[in-house]
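Open the model in your viewer and switch to cartoon view.

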Amino acid sequence: MTHAPQQSRIEQPSPAPAQRTRHRGGRSRLLCAALVTAAVAIGGTACSGSGEGAGKGSASAQAEVFGPKGYRGLGPGTAKDAALGGGALQGEPMSALAGCALFAYKDGPAPDPAVLAAEKAATTKSKETADKADKAKAEADAQRPGAGASAREYAEDATRSAEVAKLLAESTTAIADETKLIAAREKAFEASGGAKFGTTGRLKQLIAPPKARTAEGVGAGTTEADLKKAYPALQAIEGGYTMPAGGASGWEMVFATDAGKVTAMSLFNTAVKCT
């Protein structure tokens, strides 16, 4: 058995590991899980912060522009320790779930103790039920009756199999509960914006807060028509649009859209992993 999911470009509920398949769609590129502009168009005017020294916040007006180089001193190349030391992000993660670490902006919502407690409980239950089911299955498999076994042995095997089925059902329920919390976490993350770091401490995703705009004035609420006018080179994907973030290998600019309008935008690195 396995448990807990992670990852998304445009945030959406992440399936449990055993059920997960790689998603390259829009909703899985911004979050889902996983954004903004044509790199060539914005590259020179977006806030600085990629590479060495990234993570240092800036109070300048230019630091509020979201683009291929990042936002508020955060961008491609930013390491988690540098980002947390720079003051642009809150010092504690907004989620206790496994996988990538999510941090809200300094002026964003503070981590909710009740949510963190619920996540820790769900993660513990998911792991414990999965381990228990795995152990019971291994023991049952090791005691399978062979040819010529007695009726009693077959009856005992049936009892063990029933117990394994019960434990697997409990584990599946626990994984489903954990997945719901992951979906809620990703939704909150997309709504408020922030930074997501992979297991090695490298920045994986940077989501713009609702009021942020690109150098061309694109942001949450921009119509798809205006988005396409601003960035003709955008490629349509499931749930939005994407394009390379120019100059930063592996990075994409992704716009999530719904009902004809931009709902969120982010920088996303396909190479950084959450597990």
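This tour walks through a sheet, strand by strand.

This is a predicted model: local features need pLDDT of at least 70, side-chain atom pairs count only at pLDDT 80 or more, and totals for chains, interfaces and linings use all residues. Residues are numbered from 1 along each chain as its sequence is written, and side-chain values use heavy atoms, leaving out hydrogens and water.

Seven strands make an open, antiparallel sheet, ordered 1-2-3-7-6-5-4. Strands here are DSSP E runs of at least two residues, helices are H or I runs of at least four, and both are numbered from the N terminus. Two strands pair if DSSP finds at least two bridges between them.

**The edges.** Select 101–104, strand 1, and 235–237, strand 4. Each has a single partner strand, so one side of each is left without a neighbour in the sheet.

**Strand 1 to strand 2.** Find Ala104, then look opposite it for Gly194.

**Strand 7.** Now select 261–269. On one side, three bridges join strand 7 to strand 3. Gln205 has Phe268 as its bridge partner there.

**The hairpin.** Which strand forms a hairpin with strand 7? Strand 6 does, with two residues between them. Click Ala259 in the turn: its phi is positive, about 55°. Eight bridges hold the antiparallel pairing of strands 6 and 7. Trp251 faces Asn269 across this pair.

How values were computed. Contact means heavy atoms within 4.5 Å. Axes are lines fitted to C-alpha atoms, for helices over the stretch in contact, and angles run from 0 to 180 degrees between N-to-C directions.
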